Amino acid sequence: MNSQLAHIASSQAFAALLTQCASENKLLLADFYADWCGPCRAFSPHFEQLSQQYHSKGFVFVKVNADTCKELCQEEFVTGLPTFKLYRNKECLATVVGANLAKLRSVLDKYGIQPCVLEIRAFTNEKLKLDACKALIKILESLLSESQTDIHSINTELDEFKQLIAFVPGCLDCLLSVGFKQFENRLELPVRSIDREHVRELLTQLNSISEHPSCPLANLSSHPEPQESLYARLTSYRPIVALCLDPEAQAMARSLIPTDELIREAAEKSGCAPSDVDPRAFLHQLIRWFKADFFRWAGEFTCETCGTKMVNCGSPAPTKTESEGLAGSVELYACSVDPMHPRRRFARFNDPKTLLQTRLGRCGEWAICLTLCLTAVRRPFSTGDKPWFPGCRLVVDWTDHVWCEVWLEDKLRPGKQRWVHCDPGGEVDQPLLYECGWGKKLTYVFAYTVPPPSIEWDLPGAYRAVDVQEVTWRYTKDFVQIGSRRTSISEARLTDYLLRFHGEATQMWQEAHVVTDSVLGVNQHPFTLASIAIELASFLTPPRTPTERLPGRKTGPLEWRRARGELGAEDPDLEQQDDVQEEKPVWRGRNLILEPTEEEFRQGMFYLRYNSALDIYQRPFGKPKLVAPNVQDHVVYSKSDPQTLIKDAEKAGLKGWRTLVTRWRNIARKVEQDWHMVYLAREDDSPADRDGVIEWHLRVDRQEYEIGKVSLFANMVCHSEDAAAHLVLCNSAIAEVGGDGVCVRLTPGSNPLFDLVDFKGARQLCLQGRLWTKGDEGVITNNSSAWQQAQFFRQKDNDCGIWSLEWKVEIIRKSDVEK
């Protein structure tokens with residue numbers, strides 16, 4: 001998410017940056033502009049977007065104010081605005097006059113460093129990188145000296161090739177880019193087909209790596225003009241937040257959020273009717289769904305070939321597709337056992353719409369995607385289709401965390417609104433969580449307000465409607481200590497920047513007639529200068545110290561959290577902290593009782609099946625249009641187009657594993673992005689000693705019918721000796737082996753239950769699934785990954801015609817039994 005865009009304030013600063021870029025073999029693109037220039041203002045967001053797309057490709061982007069740097073403009077022969085100049089080795093390579101995006105992009109593409117060279121430069125092992133460059137340079141130089149009739153061949157079985165060319169990212173691509181073809185144990189290239197100019201350009205760029213070993217670009221705070229650099233960092237998030245207004249992205253988000261289901265859960269939790277659910281109750285359920293069922297944490301990656309943990313081996317340049325998703329950087333992972341196994345690219349996307357599709361990331365991606373979801377979600381019971389949350393924010397902590405805020409009614413002051421903290425990890429309205437719980441030493445925290453819906457998001461300069469508010473003081477109780485850490489910029493200069501942002505945003509809000517916006521409601525939104533001032537006044541008094549100890553960080557791998565020192569300010573032992581802080585899981589659900597439909601009674605069969613990949617149920621005998629001579633005929637229907645199956649399930653109220661469950665506790669659906677598997681398991685980071693339970697209850701509610709034969713199939717998996725799972729089927733209201741009634745147990749690896757006669761004559765059944773961790777003589781070893789080692793209904797994420805749970809219950813007339 002960090003942009004490389006900076007502002008230059010003097011000729012000396014520009015000369016220093018040119019020297020630095022030359023020493024690091026970077027290309028410098030300067031935008032000479034003026035605040036009064038209309039085309040300059042209109043092109044500014046495009047320039048910022050280009051900086052995000054190209055900064056990882058060897059470019060450094062800067063802006064030069066022509067009014068404050070007149071001497072520099074004369075030195076660089078700037079005669080019109082805007083003017084864009086590209087420099088390499090302190091020399092100007094190209095000049096583009098005017099706001100011509102296509103021409104500027106073509107210049108960047110022409111002079112940009114080859115992607116394969118960028119990958120090599122990004123490799124973190126300096127010795128291997130330099131050795132690989134020397135080997136490549138030797139090969140390329142030999143190509144230029146070969147006779148035009150020879151075939152150049154490279155033995156890929158040699159140790160030098162495996163340990164250098166094949167291991168360092170980008171090296172093999174360099175050879176392929178000049179025309180080498182891959183065979184089983186060699187690379188071959190007819191020398192006569194060589195593009196010698198391309199080879200020479202590669203040699204120039206590879207030699208630059210050897211001559212200038214990697215030296216990371218100076219941090220913005222250490223730039224000769226740190227104040228201006230901080231301003232650039234502050235503005236870099238505004239275009240990203242403005243994307244949350246994209247109607248297409250909002251529509252996509254609404255199509256993915258199970259709003260009706262979340263409202264029902266909020267109503268059950270609050271003990272009210274669905275139409276009476278308040279935004280705060282809905283917010284809790286939305287964040288729970290986002291964390292448990294939708295977005296995935298990008299922790300460790302495993303090799304798809306051998307399952308070994310992968311290691312980070314560099315930061316290659318984003319591809320064209322990744323750049324379109326505003327990937328600020330890319331992490332490359334390689335198998336730690338065999339470097340020839342396929343690598344894994346992890347692009348750090350910043351585009352909210354792209355994140356709706358990938359659903360993978362760390363705190364930055366989580367918060368950006370959640371901000372879009374919070375902005376998009378609508379009240380289904382409101383005639384005006386009003387948003388649940390009139391205001392939403394992305395909050396950026398400069399000690400490396402990102403979260404959200406929403407505009408809600410103040411519980412202590414009914415009728416008054418305020419900004420409420422909400423973390424993608426699940427915590428709501430706990431602003432001191434990071435300082436008092438995680439133990440963070442905060443410095444600067446800034447909130448970026450998503451503009452009101454009346455702002456046209458795709459207009460040039462729409463990002464200026466994103467207000468920037470410093471909210472540090474909401475998240476700390478120790479003003480004195482945090483003040484001593486704030487050394488990046490003078491308070492007066494920071495205030496000046498923020499006033500500039502407030503002025504830009506409020507002016508656009510007024511021009512868009514936000515005050516009369518019927519969607520937001522009069523005086524019930526934060527888009528006024530008065531609201532900004534009231535919020536600032538609230539920061540004059542430090543927040544109260546929490547009466548209860550706040551928890552440490554819950555998201556991310558344990559060792560990663562421990563390395564960051566975020567397990568807790570007072571108790572570094574996460575296991576002990578969890579025991580104190582976390583409440584035991586409670587039963588959830590609507591206590592739904594499944595009953596046969598008229599058609600199921602007519603056909604004498606209740607058949608329920610579930611596909612975890614699509615997250616849908618089917619009741620093939622439930623409706624006349626699905627009638628078939630026997631159960632097997634329904635398999636054809638199950639192989640329909642996945643989207644058709646999902647739409648049919650949504651219409652029938654069968655979308656989502658919770659829809660037909662009677663009750664559950666500590667159960668969540670998991671999607672493994674790496675292994676492409678889907679299943680039900682315990683909730684993320686559940687302690688090993690907490691089980692997960694799920695139940696379905698069936699009742700034959702007609703006196704003239706009873707249950708006949710029963711069949712049950714389920715795919716259950718346990719990945720460790722301590723992991724345990726089973727399904728228990730009983731003819732009583734509670735599934736308990738050894739209890740009242742008849743019970744039959746199904747375990748991982750056991751044969752399916754087929755045509756059981758044990759339940760003949762019963763009129764109710766309870767199917768209960770349980771996941772747990774076994775202990776040695778009652779002592780359970782705490783394993784941080786135990787929660788996902790026992791799984792229900794595991795299957796491939798593209799298995800649309802396979803049902804990982806099938807439950808068939810014969811329904812017979814009592815009169816037929818008597819005969």
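Predicted model: local features only at pLDDT ≥ 70, side-chain atom pairs only at ≥ 80, totals over all residues.

Modeller: Residues are numbered from 1 along each chain as its sequence is written, and side-chain values use heavy atoms, with hydrogens and water left out.

Colleague: Why is the pair of Y610 and Y617 called tilted?

Modeller: Rings of Phe, Tyr and Trp (its six-membered ring) pair if their centres lie within 6.5 Å; planes under 30 degrees apart count as stacked, over 60 as edge-to-face and the rest as tilted. The centres of Y610 and Y617 are 5.1 Å apart and their planes stand at 50°, so the pair is tilted.

Colleague: What makes the pair of Y54 and F59 edge-to-face?

Modeller: The planes of Y54 and F59 stand at 90°, with 5.9 Å centre to centre, and the pair is edge-to-face. Both Y54 and F59 are buried (under 20% relative accessible area, with exposed over 50% and partly exposed in between; 1.4 Å probe, protein chains only).

Colleague: How do you know that R770 lies over the face of W772?

Modeller: A charge sits over a ring if NZ of Lys or CZ of Arg is within 6 Å of the ring centre and within 35 degrees of the ring normal. R770 lies over the face of W772, at 4.3 Å from the ring centre. Likewise, the charged end of R186 sits over the ring of F183, 4.6 Å from its centre.

Colleague: What makes β7 and β8 a pair?

Modeller: Two strands (DSSP runs of E, at least two residues, numbered from the N terminus) pair if DSSP finds at least two bridges between them. β7 and β8 pair in the antiparallel sense over two bridges.

How values were computed: Helix = DSSP H or I, 4+ residues; strand = E, 2+ residues; numbered from the N terminus.
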